[in-house]
Amino acid sequence: MARQQGTPRDQRMRQRLALEAARIMVDEGVRDYYQAKRKAAERLGAPGTQNMPRNREIQDAVADYQRLFQGESQAAHLRELRQTARQAMQFFARFRPRLVGSVLDGTAGEWSDVNLHVFAATPEELDVFLMENGIPYEPSERRVRFKRDEWMTLPSYRFLAGSHTVDLTVFTEAGLRQPPLSQVDGQPMERAGVQAVDALLAEPDEEWDGAIPMPGQ
């Protein structure tokens with residue numbers, strides 16, 4: 001866990017909040033860090049506390065919670081999600097997809113989607129591609145932050161690949177060079193191309209022999 005400051009009592013409260021927020025995110029599928037913190041504070045009887053943990057502390061606690069209570073099952077599920085991501089990235093290769101989020105950082109659980117950033121001159125290119133390949137999808141929007149006070153709303157598309165949801169956020173082609181900021185630490189979001197995902201899948205793990213077909217194949 002991240003290094004903490006304050007009195008021992010403050011540190012204990014931060015740790016309790018981080019652990020409870022992590023449990024809420026893993027077991028209840030809450031994806032927003034702020035919401036998880038508020039729910040944790042209410043459940044611990046400290047709704048007005050000023051000792052809120054940082055998002056990075058909660059992410060570390062999520063990883064610890066998964067190792068302790070889910071172990072091999074989480075590792076197997078993570079590998080399945082990464083395999084789905086790899087197949088989706090092949091399918092959308094013309095849009096130079098990049099894997100982001102919990103499937104990349106290793107904290108994905110049963111509530112997690114496969115999140116990909118894709119790049120096109122216009123969002124309509126994705127519309128046409130999805131329709132031409134007969135993929136039912138749900139259009140939406142996503143707010144992303146590029147600077148402290150600079151937000152942008154981007155189009156997104158959700159669809160099922162096997163039993164998993166793939167979520168595409170569409171950036172302009174220039175967006176390939178400027179990733180948005182992570183909600184975990186405020187730094188440029190980590191992105192992984194196909195080769196990096198292949199490297200993750202090549203790491204030792206339980207043997208995977210399942211194949212998740214992409215829609216339209």
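How many residue pairs are in polar contact across the interface of domain 1 and domain 2? The rule finds 4, with both residues of each pair at pLDDT 80 or more. Keep in mind that this is a predicted model.

**Stop 1: the two domains**

Select residues 9-53 and colour them as domain 1. Then select 72-202, which is domain 2. Their centres, taken over C-alpha atoms, are 27 Å apart. Domain 1 puts 8 residues into the contact, and domain 2 puts in 4.

**Stop 2: the interface**

The size of an interface is often given as the accessible area lost when the parts come together. Here, about 490 Å² is buried between domain 1 and domain 2. Carbon and sulfur atoms give 39% of that area.

Now select Gly29, Arg31 and Tyr33 in domain 1. These residues lose the most area to domain 2. Together they account for 71% of what the domain 1 side buries.

Next, show the side chains of Arg31 and Asp113. They meet in a salt bridge, at 2.9 Å from N to O. The count of salt bridges between the two domains is 1. Then select helix H1, residues 8-28. H1 supplies 4 residues, the largest share of the domain 1 side that touches domain 2.

**Stop 3: the loop at Arg96**

Move to Arg96. This residue sits in the loop between helix H4 (71-91) and strand E1 (98-100). Most residues other than glycine have a negative phi.

**Stop 4: the hairpin**

Select strand E3 (residues 138-147) and strand E4 (residues 150-161). The two run antiparallel, joined by 9 bridges. They form a hairpin, with 2 residues between them. For a landmark, pick Arg143, which stands opposite Thr153 in E4.

**Stop 5: Ser156**

Stay on strand E4 and select Ser156. What is its relative accessible area? The value is 1%, so Ser156 is buried, as it falls under the 20% cut-off.

Now show what surrounds Ser156. Leaving out residues up to four places away in sequence, Ser156 touches Glu138, Pro139, Ser140, Glu141 and Arg142, among others. Its contacts also include Asp167, Leu168 and Thr169.

Technical notes
Residues numbered from 1 in each chain as written. Predicted model: local features only at pLDDT ≥ 70, side-chain atom pairs only at ≥ 80, totals over all residues. Heavy atoms only, no water. Pairing = 2+ DSSP bridges. Domains from an automatic or database assignment. Contact = heavy atoms within 4.5 Å. Buried area = accessible area lost by both parts, 1.4 Å probe. Salt bridge = Lys/Arg side-chain N within 4 Å of Asp/Glu carboxyl O. Polar contact = N/O pair within 3.5 Å; in protein donor to acceptor, adjacent residues only side chain to side chain. Buried < 20%, exposed > 50% of the residue type's maximum accessible area, 1.4 Å probe, protein only.
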